[in-house]
Amino acid sequence: MKSVLLIGLGRFGQHVARKLYDLGHQVMAVDSDEERVDAVLPYVTNAQIGDSTSRDFLSSLGIRNFDACIVAIGDNFQNSLETADLLKELGAKKVIARASRGVQEKFLLRCGADEVVYPEKQLAAWTAIRCTSEHILDYIELDEDYSIFELSIPLEWHGKTILQLDLRKKYGINVLGIRQSGKLDMCVTPETTLRTDNSILILGQQKQIHRCLRI
């Protein structure tokens, strides 16, 4: 269980608060808008109304006590920059900040953010990849080349074993798991047989996975 300071409770911040709640983490939520703070009260450990660009206010929260600080401010980039900078000055262990444009990402990193998330860019990439293949159900990008994909089982693979498909030798693709009836089974063997009512979790280079799906 982690202790997280979440600053900024717009739509993105509220989704983060709910997910952290589902994962069982302790969350201190902060926003200058009382209605936004009230909206997340069921999902957070504690919440405060305040100005995150105020050094005195942030100091009162005990920044060093949090495992991570998330700056989810989306409507005022100047406030986001100042908040990220102040958090690092006050000894934050890890600062993750939201950007909505590429240039914002660069400035946030320069101002002390350890990591930057770019929801619009990441969602755009996810949408483009999903819509260009009928078999891709989900994916996680690990770097510019490698990703983890969840695929529906192509009809041509139905009834075949992992050994028969030989995806690793042909395409450099590693099979990580099989999802059956909603449950993920990571105990995959060469004898595991694929069915069209299952999905498969694979790791590999994006270009090789797209090549593989041109069956």
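**View 1. Glu 156 sits in the loop that runs between β8 (146-152) and α7 (162-165).** Helices and strands here are DSSP runs numbered from the N terminus (helices are H or I with at least four residues, strands are E with at least two). This is a predicted model, in which local features need pLDDT of at least 70 and side-chain atom pairs count only at pLDDT 80 or more, while totals for chains, interfaces and linings use all residues. Residues are numbered from 1 along each chain as its sequence is written, and side-chain values use heavy atoms, with hydrogens and water left out. Glu 156 is partly exposed, at a relative accessible area of 43%; buried means under 20%, exposed over 50%, and partly exposed in between (1.4 Å probe, protein chains only). Look across to Asn 46, too: its C-alpha atom is 53 Å from that of Glu 156, and the two residues are 110 apart along the chain.

**View 2. The second largest pocket has Asp 31, Arg 36, Ile 73, Gly 74 and Asp 75 nearest its centre.** Rolling a probe the size of a water molecule over the atoms shows where empty space is left. On a 1 Å grid over the protein atoms alone, a pocket is an open set of points where a 1.4 Å probe fits, with protein on both sides within 12 Å along at least five of seven lines, and lining residues have an atom within 4 Å of a point. The volume is about 340 Å³, taken as the space filled by probe spheres set on the grid points, which are joined across faces, edges and corners. The lining has 22 residues, with α1 (11-22) and β2 (26-31) each supplying at least two. By class there are 6 nonpolar, 9 polar and 7 charged residues; Ala, Val, Leu, Ile, Met, Phe, Trp, Tyr, Cys and Pro count as nonpolar, Asp, Glu, Lys and Arg as charged, and the others, Gly among them, as polar.

**View 3. Arg 36 and Asp 31 form a salt bridge.** The term means a side-chain nitrogen of Lys or Arg within 4 Å of a carboxyl oxygen of Asp or Glu, and by this rule the model has 6 salt bridges. The closest N and O atoms of Arg 36 and Asp 31 are 3.8 Å apart. Asp 31 is buried at 7% relative accessible area, whereas Arg 36 is partly exposed at 30%.

**View 4. Lys 88 pairs with Asp 114, and Glu 150 with Arg 179.** The Lys 88 and Asp 114 salt bridge has its closest N and O atoms 3.2 Å apart. Lys 88 lies in helix α4 (residues 77-89) and Asp 114 in the loop between α5 (102-110) and β6 (115-117), so the pair ties together parts that are 26 residues apart in sequence. For Glu 150 and Arg 179, the N to O distance is 2.7 Å. Glu 150 is buried at 13%, and Arg 179 is partly exposed at 29%.

**View 5. Asp 166 and Ser 181 have positive phi values.** Most residues other than glycine have a negative phi. Asp 166, in the loop between α7 and α8 (167-171), has a phi of about 50 degrees. Ser 181, in the loop between β9 and β10 (183-185), has a phi near 55 degrees.
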